[in-house]
Amino acid sequence: MDADKPIPIQGDLALPFPELSGDQPLMPARMINEYQYCPRLAYLEWVQGEWAESADTVDGRYKHRRVDKAAGHLPAASELEEDEQLHARSVTLSSNRLGLIAKLDLIEVEDGVVIPVDYKRGKRPHVACGVYDPERVQLCVQGLILQEHGYQCEEGAIYFVESKERVRVAFDDELRTLTINAISGLRLIAEGGRMPQPLDDSPKCPRCSLVGICLPDEVRYLHHGTIQPRPLAVARDEALPVYVQAHSAKVAKKGENLEIFIDDKKVQDARLIDTSQLVLMGNIYVTTPCLHELMKRGVPITWHSYGGWFIGHTTGTGHKNVELRTAQYRTSFDEQSCLHLARTIVQAKILNTRTFLRRNWRGEEKPKDVLAGLRTDARRALRAANLQELLGMEGAAASRYFGVFGDMLKRDDDVRRMTFDFKHRNRRPPADPVNALLSYAYALLVRSWLVTLSAVGFDPYRGFYHQPRYGRPALALDLMETYRPLIADSCVVQAINNGEVRPSDFVSAAGSVNLTSDGRKRFIAAFERRMSHEITHPLFGYKVSYRRLFEIQARLLGRYLLGDIPEYIEFTTR
């Protein structure tokens with residue numbers, strides 16, 4: 001061989017796409033855009049069915065309102081005349097051979113040549129091609145589908161609404177190759193069932209609507225432990241639960257508001273945009289239009305008995321993330337995996353119990369023996385040989401803790417009234433006001449966790465520590481353990497010591513003590529205030545409310561079960 005003669009470079013073989021068959025879904029052009037932007041984002045949306053609104057997505061939908069209204073007609077390619085000119089808006093085309101589907105904002109036909117025009121909300125970027133690659137790829141997908149339908153289409157255009165500029169995009173060989181590689185790449189990761197790693201310290205992450213779901217910095221930190229995560233996942237959410245407990249009340253929808261009626265008289269309303277959950281206590285009627293609207297918006301309804309006992313919850317079609325539930329079920333049938341997670345949960349619960357007791361002790365000297373015992377219990381929990389042994393250790397720690405729980409409460413010197421003396425933990429039914437408050441607080445806490453887990457994509461009824469039983473939300477009970485002292489017990493202690501709940505707020509009958517309606521209102525307010533309380537995350541370093549912390553921890557558990565992070569770390573306060 002001639003040494004001076006260059007060796008020819010062998011290019012990639014152009015392999016045809018296998019035509020879709022059976023129940024395989026067509027990939028939207030938007031997903032190819034997402035893959036080119038960030039493969040992990042495309043996987044979360046396309047494979048796991050994740051979605052979250054942001055200011056950008058809402059603004060983009062508003063800017064698209066005109067082109068989203070279908071107008072005009074695109075005739076078949078064989079019916080187009082050479083000199084024909086027309087416009088068509090919001091046209092959906094698909095191709096089984098390519099396995100793609102696209103909704104085209106605008107199609108222009110000039111002299112028989114078809115030009116797809118895609119609308120984008122922002123300003124034209126000052127880059128070499130005039131458009132970023134993800135937008136070029138999405139437009140090229142539209143061009144490929146149009147060509148597959150027989151249209152002559154060699155270029156497209158992107159119109160930037162904010163700057164009112166139009167940029168021409170030629171479908172050259174370089175862009176076609178980039179587009180086909182993106183289509184193949186998304187197919188590969190979707191079929192492989194392995195979520196791509198997050199981008200590394202990327203400027204794309206802060207503006208991404210799924211940053212609180214993806215947790216890119218948090219996942220990287222748990223892998224490498226070097227760079228502290230940016231506070232990306234803690235955007236403030238103003239929506240709060242709406243509680244209704246009046247007997248025979250009715251909840252209806254009018255416009256963008258929920259309206260609450262008692263005896264056919266409107267007593268309260270709440271904006272739908274500010275409602276995160278609808279919590280119903282007792283015999284409450286919800287109209288069908290109201291149910292439909294809440295399900296459409298993904299706002300769950302939780303149903304309780306009048307006394308606060310959790311009955312169930314109503315939501316829409318549920319989360320689409322089958323992968324997460326599959327990983328949850330697989331882990332729940334593995335005894336060692338269940339034990340590993342249960343040890344982590346129980347240890348965190350005992351440590352948080354110890355911290356809470358130390359902070360709220362009302363005596364002159366700290367209970368050193370109890371605190372030392374709880375620290376020993378936490379260490380022993382990590383060495384439990386099985387779940388039964390772990391249950392025994394947790395019970396011993398709880399007995400130690402509740403043995404001195406009453407010493408965190410203010411005393412009532414009037415012996416003629418029902419007092420807040422606490423001797424020991426009892427339930428079903430609670431025999432004194434403190435136990436009644438604790439039981440009610442735990443019911444509120446398990447409801448909060450059940451709603452969070454359902455929203456993230458878990459099955460709340462299949463746990464790792466609490467064993468499955470009919471009607472028992474085992475996973476919600478698992479994850480609430482760590483937060484019993486931090487939220488439920490804290491609410492009880494503060495409500496009593498601050499005078500928010502008084503002995504007169506309880507009724508006693510047949511050996512059972514329960515809160516009155518007014519007492520429940522004040523205690524619910526204390527509970528929701530605690531859920532909105534911001535703390536500094538001990539691992540990630542940013543401030544976050546307990547309400548948002550639940551979601552972060554649920555998503556981290558999912559990341560662990562799916563193999564995205566090496567370990568699930570429970571939350572322990574300092």
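Is Phe 571 buried or exposed? Phe 571 is buried, with a relative accessible area of 2%, where buried means under 20%, exposed over 50% and partly exposed in between (1.4 Å probe, protein chains only). This is a predicted model, in which local features need pLDDT of at least 70 and side-chain atom pairs count only at pLDDT 80 or more, whereas totals for chains, interfaces and linings use all residues. Residues are numbered from 1 along each chain as its sequence is written, and side-chain values use heavy atoms, with hydrogens and water left out.

**Aromatic pairs**

- Twelve aromatic pairs are counted, rings of Phe, Tyr and Trp (its six-membered ring) being paired if their centres lie within 6.5 Å, with planes under 30 degrees apart taken as stacked, over 60 as edge-to-face and the rest as tilted.
- Phe 402 and Phe 405 have ring centres 5.7 Å apart and planes at 45 degrees, so the pair is tilted; Phe 402 is buried at 12% relative accessibility, and Phe 405 is buried at 0%.
- Tyr 546 and Phe 571 form an edge-to-face pair, 6.4 Å centre to centre with 85 degrees between the planes, and Tyr 546 is buried at 2% relative accessibility.
- Ring pairs link Tyr 546 and Phe 571 with Trp 449, Tyr 483 and Phe 550 into a cluster.

**Charges over rings**

- The charged end of Lys 204 sits over the ring of Tyr 37, 4.7 Å from its centre, the criterion being NZ of Lys or CZ of Arg within 6 Å of the ring centre and within 35 degrees of the ring normal.
- Arg 462 lies over the face of Phe 333, at 4.1 Å from the ring centre.
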